[in-house]
Amino acid sequence: MTEPRDHPFVTAVKPLVDAMGGELMDPAGAEPDDVVLTWEGQEVVAVRLPQLSDSLDHILAALERRHGVPLAQLDRKSKQDVVRILEARGAFSVRHGVETVAGALGVSRFTVYNYLNRDSGTQNRPNKTAKQNSPE
């Protein structure tokens with residue numbers, strides 16, 4: 001049998017597992033919370049999923065790589081965009097998520113909450129310009 005790390009299925013899922021911050025391992029060493037993946041009826045590899053807090057760190061690191069600079073060096077608009085992305089990915093459901101994000105962005109928790117409220121407020125608020133230009 002082919003070594004699991006050389007198996008084409010492992011090669012195919014590795015980028016996804018890496019993006020999630022998971023770990024590939026031999027199925028024989030899988031623990032109850034690990035996900036064992038099979039291919040054509042044979043256990044090929046097990047995936048150890050990260051803890052939620054580890055996932056947040058992994059997402060922050062990926063965003064930093066995408067921007068090419070530490071998140072704290074981004075301008076205000078870019079930081080707001082990062083907060084929007086993180087909110088969509090559930091970052092603020094993780095315990096201490098706001099504090100972790102604030103630290104990575106180099107802003108206060110209050111600022112992160114303002115970014116969150118600003119986004120939800122603008123989505124629910126009518127466009128002022130449209131209102132001013134509409135006949136009443």
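**View 1. Glu40 in the loop between strand 2 and strand 3.** In this predicted model, Glu40 sits in the loop that links strand 2 (35-39) to strand 3 (42-48). Its phi is positive, about 50°. Glu40 is not a glycine. Is Glu40 buried or exposed? The relative accessibility of Glu40 is 75%, so the residue counts as exposed; the cut-off for exposed is over 50%.

**View 2. His7, ahead of helix 1.** His7 belongs to the segment before helix 1 (8-20). A polar atom of the His7 side chain lies 3.0 Å from the backbone nitrogen of Phe9. His7 has a relative accessibility of 13%. That value is under 20%, so His7 counts as buried.

View 3. Helix 3 covers residues 76-88, which makes 13 residues. How far apart are its end C-alpha atoms? They are 19 Å apart. At 1.5 Å a residue, the helix should span 18 Å, so the two values agree. At the start of helix 3, Asp75 contacts the backbone: one of its side-chain oxygens comes to within 3.3 Å of the backbone nitrogen of Lys77.

**View 4. Buried residues of helix 3, and what follows.** Which residues of helix 3 are buried? They are Ser78, Lys79, Gln80, Val82, Val83 and Leu86. After helix 3 comes Gly90. The phi of Gly90 is positive, near 85°.

**View 5. His96, between helix 3 and helix 4.** The loop between these two helices holds His96. His96 is not a glycine, yet its phi is positive, at about 65°. Its relative accessibility is 45%, so His96 counts as partly exposed.

**View 6. The buried side of helix 4.** Helix 4 takes in residues 97-105. Its buried residues are Gly97, Val98, Val101, Ala102 and Leu105. Where do they lie around the axis? They cover an arc of only 130°, which means that they are on the same side of helix 4.

**View 7. Gly106, after helix 4.** Helix 4 is followed by Gly106. Here phi is positive again, near 70°. Compare this view with that of helix 3, which is followed by Gly90 with a positive phi near 85°.

Conventions: Residues numbered from 1 in each chain as written. Predicted model: local features only at pLDDT ≥ 70, side-chain atom pairs only at ≥ 80, totals over all residues. Heavy atoms only, no water. Helix = DSSP H or I, 4+ residues; strand = E, 2+ residues; numbered from the N terminus. Expected span 1.5 Å × (residues − 1). Buried < 20%, exposed > 50% of the residue type's maximum accessible area, 1.4 Å probe, protein only. Polar contact = N/O pair within 3.5 Å; in protein donor to acceptor, adjacent residues only side chain to side chain. Arc of directions from axis to C-beta.
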